[in-house]
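Work through the exercises below with the sequence and the 3D view open. Try each task before reading its solution.

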Amino acid sequence: MKPLILVTNDDGITSKGIKVLIEEMSELGEVFVVAPDSPNSGMGHAITVASTIHIKKSPIFGSIESYECSGTPADCVKLAKHEFLKDRKIDLLVSGINHGANSSISVIYSGTMSAAIEGAIEGIPSIGFSLDDFDYNADFGHIRKYVREIAAHVLKNGLPADTALNVNFPKASAGPIKGVKVGRQTRGYWHEEFDSRVDPSGRPYFWMGGHYVNSEPKAEDTDVWALENNYVSVFPCHFDLTHYKALVEIKGLEDII
């Protein structure tokens, strides 16, 4: 029996990235798709709790059973797991391929990675794939074999419990990919900048922008370094946010009352 592969994303069901991902996963198993009906970039791990979630079958991928969902990427995973596929074992969840990298602190904001982490919460081996190219018509040709081979490796070998893989690819124009680097998340942050404007009714509004700041530019074991040097970056992430070292350092809080 073919492995069952759940595909989702955050760029929406019509994005080029999810089409490429579905094509590659179809070489490995039975594909089932639940994806947002519109872009959900930057949604993080948001879920829909105060309004309804609408879903309808989509013919966009031909014979592959596919649904477009009004909810978030995490909603898509929950619906697939607990409604559409509730009587079946999902062997692999893949999210993406995102248009734009999800390296460093961007993992926190990423809908792509939140879908993968939701899969890990549900006990499903999960991978988030992202390409460092925001172009709607980005070239995915140079990464297809890596997407397929990484997914095949996880299908065969599994992942540690509570773990999702974050996989980022350099864009095609950066040159030939040198290989795969397994590393860690780069320490960095976004320096926000707000463009203040006024609408025709006199109401103020803002456009948020900014730039990324790498806090450890010389570190060679990070995802950002791998991307900047034309490697495929792979790092494992999980949903336990406990800072274990700090547990000892804040013990004094137990004595303040």
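**Exercise 1. State the accessible surface of the protein and the share that belongs to carbon and sulfur atoms.**

Solution. This is a predicted model. The accessible surface comes to about 13,800 Å². Carbon and sulfur atoms hold 54% of that area. Now turn to burial: of the 257 residues, 45% count as buried.

**Exercise 2. Decide whether the radius of gyration agrees with a compact globule.**

Solution. Start from the chain length of 257 residues. Next, take the spans of the C-alpha trace along its principal axes: about 55 × 50 × 50 Å. Then look at the contacts with a separation of 6 or more: residues 24 or more positions apart account for 76% of them. The protein has seven helices and 11 strands.

**Exercise 3. Describe the largest nonpolar core and the elements that give two or more residues to this core.**

Solution. Count first: the largest nonpolar core has 33 residues. Val7, Met25, Ile127 and Phe129 have the most contacts inside it. Next, list the elements that give two or more residues to this core. The helices are helix 1 (16-25) and helix 5 (144-157). The strands are strand 1 (4-8), strand 2 (30-36), strand 5 (92-99), strand 6 (126-131), strand 7 (163-169) and strand 11 (232-238). Another core, of 15 residues, lies apart from it; Leu4, Leu6, Phe32 and Leu85 are among its members. In soluble globular proteins, nonpolar side chains tend to be buried together.

**Exercise 4. List the contacts of Met25, leaving aside its neighbours within four places in sequence.**

Solution. Met25 touches Ile5, Val7, Val31, Leu92 and Val94, among others.

**Exercise 5. Is Ser15 buried or exposed?**

Solution. Locate Ser15 first: it lies in the loop between strand 1 and helix 1. Its relative accessibility is 5%. Buried means under 20%, so Ser15 counts as buried. Leaving aside neighbours within four places in sequence, Ser15 is in contact with Asn9 and His99.

**Exercise 6. Which residues form a nonpolar patch on the surface, and how does Tyr109 count by accessibility?**

Solution. The patch consists of Ile108, Tyr109 and Trp190. Together they have about 320 Å² of accessible area. Tyr109 lies in helix 3 (residues 106-109). Tyr109 counts as partly exposed because its relative accessibility is 42%.

Definitions and conventions: Residues numbered from 1 in each chain as written. Predicted model: local features only at pLDDT ≥ 70, side-chain atom pairs only at ≥ 80, totals over all residues. Heavy atoms only, no water. Patch = residues over 30% accessible without salt bridge, like charges linked within 9 Å, V, L, I, M, F, W, Y side chains within 5 Å. Areas by Shrake-Rupley, 256 points an atom, 1.4 Å probe, with all protein chains shown as cover. Salt bridge = Lys/Arg side-chain N within 4 Å of Asp/Glu carboxyl O. Helix = DSSP H or I, 4+ residues; strand = E, 2+ residues; numbered from the N terminus. Buried < 20%, exposed > 50% of the residue type's maximum accessible area, 1.4 Å probe, protein only. Core = buried A, V, L, I, M, F, W, Y, C linked by side-chain atoms within 4.5 Å. Contact = heavy atoms within 4.5 Å. Rg over C-alpha atoms; globule rule 2.2 N^0.38 Å.
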